[in-house]
Amino acid sequence: HSCHLKQPRFCGHVIVGLTTAVTAAMQMSRHGIARSAQRRSITARTRRRTKKTKGRNDKSTICKVTEPSPVDANPGNPSPRNILETVAVMESPLECLDAFRSCLSQMSVKKCLDLEQPENPILRLALLEQMGIKGGYKAWLSLPKRHGVLKTLGEAAEASLPNEDITAMGMSVLSILGQERIEMQHSGAELSANQVFALYRYFAEVLPTSFLHLVLDQLNHPSLDPLQVQEDDILSIALAAEAQGLADACERLAQLLMKRWLKLSKRSKRGLLESMLLLPQLLQLAPGQLEEALLEQCQANQSDQSNQLLRALPFRCFTWLLDSWGTQRCAASRLFPVLLRPALEWHLTDLDVRRLVSVSKMFDAFDIPEAAAEVVLLWRSWAENLSAECQVKSWRWSIFQEALREVSGSRHWTRQTGTSLGDMIIEGVLLVELLRHAKSLPLDLLLELLRRMPAAREQLAADLPGMVWHFLDGRGGGLSLLAAMKIAQGEAFIKCEPNSELWNALVKHIVLQLNGHSTFKFFCRCRPAPLLREAVQKKLKGWQALELKVMLS
């Protein structure tokens, strides 16, 4: 067919048009090549910048992983393996616990098994929980013995802090394991004594009853740290042992509790104070056998000064403890006097009247004659030390007045018949001590002594007028207006006849005291006897005589 083809014929203007078109096409191709080259150069520069930025980002990422920051434990991290690498350099690995559990929840059992077991027992417990949820207890059969379920639970419970609650994870794991498997495994789990107690503290509700025997076996174990066992743990174990009829448990619990207190007395005064503040509630809720066992332990330790607990407390802490025990009705126990005796030897002279009354009530809680005798001895020692101090600090005599008022006003010592303990303290201790130092007493306290103690009136009858002259001279605190009126009217058990030298001196003293409207008003309110009133009116002059006359009219 090539022979039938006709050759095209081009005229001149067609050739010119083709030439123009070719030229335009060549120019367009040049512009396209230039734009393409420009785009390639921009792309190359962008790639170089991206590489540099990526390098810087990698360095910053490495720094962030290296630093123990909780930001790296973000749940957005794709792999728990990365989290574990971050945890390895963290000071507090538990900051990423939530992120770790979130990642594990998205993984299969096989991937969880392929993970290396974390060194931190709480993170390891989180891994065991997810393995058990996805694969049941059989997923744990391949674990080594040192990373067993109960061993991990014990280590996690021992390592947990008060602000880290592992109860939910532990309950989930134990529910998957089941009561029968727990009974079969707990004896061979190689748990330390501290781990056994920690397990019982967190999971006593779901552990089988046989686990209590394991706890009791560890009570006297040498490796058990008494400071790790709280009062709440002691109470829980005591109640559980009572429910199961384990009578000998209270004796061992008392020994452990005494070891804890002795260790606290040498290491932490604050911890000892907190334990002692909880003691009344512990004794109220615990079985009676525990109180008896504690009483025997305390009595056995009294002979050794290094084992006297409350003696280690500073005075301020000791008074705080007395105030707490004194306000609790459940503090009526024979254990408290035994604990208080050694400390009272140190702090008795510094106690105020109110706290000494509180101590006396605790000693006399059971109305035992020996306790009453011990209370009287305490007050006698306190009064002797106080009177010796009053010889130098005369203002402290007022403490005796406070003691007379507090003891006489205490309902605890008030009896309808017979001699009460309050009477024994007032008449056998306080008044006797005041009578020994009668010539040194302030006048108000001397008048109180004469009013309460008839024997003192006879014994001091010859010395009383001379003592009044002593006060009239301004010594011993002077003589108040009320006291002068009582003595002048014969109301103070001091012999003072009208128109005698002492009586005239008292009238003169009263006149000197009337120097204002308030004193005149007080004098009239006291209702002076006619003889005293006339003697005072005769001594007054000027406006003072007129003032008294108007008030008496």
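Me: How many helices and how many strands does the protein chain have?
Reply: This is a predicted model, where local features need pLDDT of at least 70, side-chain atom pairs count only at pLDDT 80 or more, and totals for chains, interfaces and linings use all residues. Residues are numbered from 1 along each chain as its sequence is written, and side-chain values use heavy atoms, with hydrogens and water left out. Helices (H or I, at least four residues) and strands (E, at least two) are DSSP runs, numbered from the N terminus. On that count, the protein chain has 28 helices and zero strands.

Me: What share of the residues in the protein chain is buried?
Reply: Buried means under 20% relative accessible area, exposed over 50%, and partly exposed in between (1.4 Å probe, protein chains only). The chain has 553 residues, and the buried share is 43%.

Me: Among contacts between residues at least 6 apart in sequence, what share joins residues at least 24 apart?
Reply: Contact means heavy atoms within 4.5 Å. Take the contacts between residues at least 6 apart; the share that joins residues at least 24 apart is 69%.

Me: Which helices do the buried residues of α17 pack against?
Reply: Helix α17 spans residues 353–363, and nine of its eleven residues are buried. Among them are V353, L356, V357 and F363. These buried residues of α17 pack against α15 (315–326), α16 (335–347), α18 (369–390) and α19 (398–408).

Me: Which residues does R355 touch, not counting residues up to four places away in sequence?
Reply: R355 is found in helix α17. Its relative accessible area is 17%, so R355 is buried. Beyond four places in sequence, R355 touches T319, L322 and D323.

Me: Why is helix α24 largely enclosed, and which helices do its buried residues pack against?
Reply: Helix α24 (residues 481–488) is largely enclosed by the rest of the structure because six of its eight residues are buried. The buried ones are L481, A483, A484, M485, I487 and A488. They pack against α21 (443–452), α23 (464–472), α25 (501–513), α26 (517–525) and α27 (530–539).

Me: Are α23 and α25 roughly parallel or roughly antiparallel?
Reply: Axes are lines fitted to C-alpha atoms, for helices over the stretch in contact, and angles run from 0 to 180 degrees between N-to-C directions. α23 and α25 pack at about 25 degrees, with their axes 11 Å apart. Angles under 35 degrees count as roughly parallel, over 145 as roughly antiparallel, 65 to 115 as roughly perpendicular and the rest as oblique. α23 and α25 are therefore roughly parallel.

Me: Which residues of α23 and α25 make the contact?
Reply: From α23 come P465, V468, W469 and L472. From α25 come E501, L502, A505, L506 and H509.

Me: How far apart are the axes of α12 and α13?
Reply: Helix α12 covers residues 249–267, and helix α13 covers residues 269–285. In their contact, L257, R260, W261, L264, S265 and R267 of α12 meet K269, G271, L272, S275, M276, L279 and L282 of α13. The angle is about 145 degrees, and the axes are 7 Å apart.

Me: Which residues is S275 in contact with, leaving aside its neighbours within four places in sequence?
Reply: S275 sits in helix α13. Its relative accessible area is 3%, so S275 is buried. Leaving those neighbours aside, S275 contacts E231, R260, W261 and L264.
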